[in-house]
Amino acid sequence: MKETEKIADKIKEASTVKEAANIIYKELKKLTGSKCCYVAYIDPENGDSVAITFTHVTSQCNYYESIKEARFKRPKNGKYGGLLGYSIDTGKSFFTNDPMNHPAVHGTPKGHKPIKRFLSVAVKDKNRILGQIVLGDPPIDYTIEDLKVSEEIGQAYAIILQKFYNGEIPLR
């Protein structure tokens, strides 16, 4: 059994979304060499993107940690925009080793640590976006292999999010 299958099995056995997010955070950082990770779900009630496990990259992250989430409201037009929202908006996972020149970038938020390499997975089922996994700043460029591994892990996370949406497991 390959490493990603073992990790996917651990994720699928998680008893909460938070537990699954913590596994993803630890294991994908290790597999890809990423310094940063952000694991979110889409709030089924209002469409907000809600990170429940994340690396601290701004001074606001301490506050987000204290309330146990970083919530990004779904805009009225339904598009989150920017590099962070790109995979949610398009449903397509991607990576860039030059984020400041990606067509979706609209600058770095005030106080945010600059990210030099960026990878984002749209976690989805057949009909909708369920969540997102974002990685950043490995010591070397991301590759298509990093994206494939991250998408495999994203498929396991989709199963957990479906259970959450169906009321079968709690968030925390």
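The model is predicted, so some limits apply: local features need pLDDT of at least 70, side-chain atom pairs count only at pLDDT 80 or more, and totals for chains, interfaces and linings use all residues. Residues are numbered from 1 along each chain as its sequence is written, and side-chain values use heavy atoms, with hydrogens and water left out.

**Overall layout**

The chain has five helices and six strands; here helices (H or I, at least four residues) and strands (E, at least two) are DSSP runs, numbered from the N terminus. Their order along the sequence is α-α-β-β-α-β-α-β-β-β-α. Of the 172 residues, 51% count as buried. Buried means under 20% relative accessible area, exposed means over 50%, and partly exposed lies in between (1.4 Å probe, protein chains only). A contact means heavy atoms within 4.5 Å. Among contacts in the chain with a separation of 6 or more, 59% join residues 24 or more positions apart.

**The nonpolar cores**

In soluble globular proteins, nonpolar side chains tend to be buried together. A nonpolar core is a set of buried Ala, Val, Leu, Ile, Met, Phe, Trp, Tyr and Cys residues joined through side-chain atoms within 4.5 Å. Which residues touch the most other members of the largest core? They are Ile-11, Val-17, Ile-24, Tyr-41 and Tyr-157, in a core of 38 residues. At least two residues of this core come from each of H1 (3-12), H2 (17-32), S1 (36-42), S2 (49-54), S5 (118-124), S6 (129-136) and H5 (144-165). H5 gives the largest share, 10 residues. There is also a second, separate core of 11 residues, including Ala-40, Ala-70, Phe-94 and Ile-115.

Tyr-41 is worth a visit in the viewer. Leaving aside its neighbours within four places in sequence, Tyr-41 has contacts that include Asp-48, Val-50, Arg-71, Tyr-157, Leu-161 and Leu-171.

**How the helices pack**

Two packed helices are described by the angle between their axes and the distance between the axes. Axes are lines fitted to C-alpha atoms, for helices over the stretch in contact, and angles run from 0 to 180 degrees between N-to-C directions.

| Helix pair | Axes come within | Crossing angle |
|---|---|---|
| H1 and H5 | 9 Å | roughly 15° |
| H1 and H2 | 9 Å | roughly 165° |

H1 is roughly parallel to H5, whereas H1 and H2 are roughly antiparallel to each other. Angles under 35 degrees count as roughly parallel, over 145 as roughly antiparallel, 65 to 115 as roughly perpendicular and the rest as oblique. The crossing of H1 and H5 is right-handed, and the crossing of H1 and H2 is right-handed too. A crossing is right-handed if the near helix is turned clockwise from the far one by less than a right angle, and left-handed if anticlockwise.

Ile-7 of H1 takes part in the contact with H5, where the partners include Ile-153, Ala-156 and Tyr-157. Ile-7 also belongs to the contact between H1 and H2, with Ala-20, Ile-23 and Ile-24 among the H2 residues.

**Helix H4**

In H4 (residues 82-90), the buried residues are Gly-82, Leu-83, Gly-85, Ser-87, Ile-88 and Asp-89. They are covered by elements including S1, S2, S4 (94-96), S5 and S6. Just after H4, Gly-91 takes a positive phi of about 75°.

**Residues to look up**

Most residues other than glycine have a negative phi, and most peptide bonds are trans. Asp-137 is not a glycine, yet it has a positive phi of about 60°. Asp-137 sits in the loop between S6 and H5 and is buried, at 7% relative accessibility.

How many disulfides does a search of the whole structure find? The search finds zero, taking a disulfide as a pair of cysteine sulfur atoms within 2.5 Å. For Cys-36, the nearest cysteine sulfur is that of Cys-37, 8.9 Å away. Cys-36 is buried, with a relative accessible area of 7%, and Cys-37 is buried at 3%.

Finally, Asn-46 lies in the loop between S1 and S2. Is Asn-46 buried or partly exposed? Asn-46 is partly exposed, with a relative accessible area of 38%. Leaving aside neighbours within four places in sequence, Asn-46 is in contact with Arg-71 and Arg-74. The C-alpha atoms of Asn-46 and Arg-74 are 7.4 Å apart, although these residues are 28 residues apart along the chain.
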